[in-house]
Amino acid sequence: EAKVEKEPTCTKAGKSVVRCTVCETILSEKTIEALGHDYGEAKITTEPTCTKDGVKSYICKRCGDVKTEVLPATGHTYDDGVVTKKATCTEAGVKIYTCTKCHDTKTEAIEATGHAWDEGKVTTEPTCTKAGVKTYTCANCGETKTEAIEALGHKMGAYHVTKEATCTEEGVETSECERCDHKETKAIAKKAHTPGEA
């Protein structure tokens, strides 16, 4: 009968032989395949963190060989964040998030809100020759800005005779602005002479 002369291990083959019962000469040999490792359940030997990989280990029940697997880092789990600086019309704010596992923090800019201008009020009325001013106020911060209102220009009335023309002098027609004391004039041609009797 075949007898095992070399037991197989997890990684090495074994051997069985058949010998002559009289002289012990080997009559035949047979290789016994290596058994392969018999790993048990995995055990976490290094817990993964938010930023570092962990390690999971398997131990062979027969030979104690150890194989490992990487457990990927979990990544941060941030909370909903806390506003530490409110955004204003002109400056960005700051929001800080904290990891619920390792307390790492990250910051995020909160975009400036920009001004909320009202419809504006005329603070200086325009005249015929001078520009006026319209002032806008931000509803958020109270800041103001101004805008020029174009001068109105004269609103001239109809011309009327303010000096009659004569044979020797031109006359004058005058137009007056309806809003201010500005006046414009134009000449009326001299009248022709009216000769008397010879």
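This is a predicted model: local features need pLDDT of at least 70, side-chain atom pairs count only at pLDDT 80 or more; totals for chains, interfaces and linings use all residues.
**View 1. The open sheet β4-β5-β6.** Three strands make up this open sheet, ordered β4-β5-β6 and paired in the antiparallel sense. Its edge strands are β4, spanning residues 43-46, and β6, spanning 66-71; each of them pairs on one side only. On average, neighbouring strands in this sheet are turned by 35 degrees against each other, with direction ignored.

**View 2. Pairing of β5 with β6.** Strand β5 covers residues 54-59 and runs antiparallel to β6, with 6 bridges between the two. Strands of a sheet pair through backbone hydrogen bonds, in either a parallel or an antiparallel arrangement.

**View 3. The open sheet β10-β11-β12.** This open sheet contains 3 strands in the order β10-β11-β12, and their pairing is antiparallel. Strands β10 (121-124) and β12 (144-149) lie at the edges, each pairing on one side only. From one strand to the next, the twist averages 35 degrees.

**View 4. Pairing of β11 with β12.** Strand β11, residues 132-137, is joined to β12 by 6 bridges, and the two strands run antiparallel. Within this view, T137 is found opposite T144, a residue of β12.

Technical notes:
Residues are numbered from 1 along each chain as its sequence is written. Side-chain values use heavy atoms; hydrogens and water are left out. Two strands pair if DSSP finds at least two bridges between them. Helices (H or I, at least four residues) and strands (E, at least two) are DSSP runs, numbered from the N terminus. Axes are lines fitted to C-alpha atoms, for helices over the stretch in contact, and angles run from 0 to 180 degrees between N-to-C directions.
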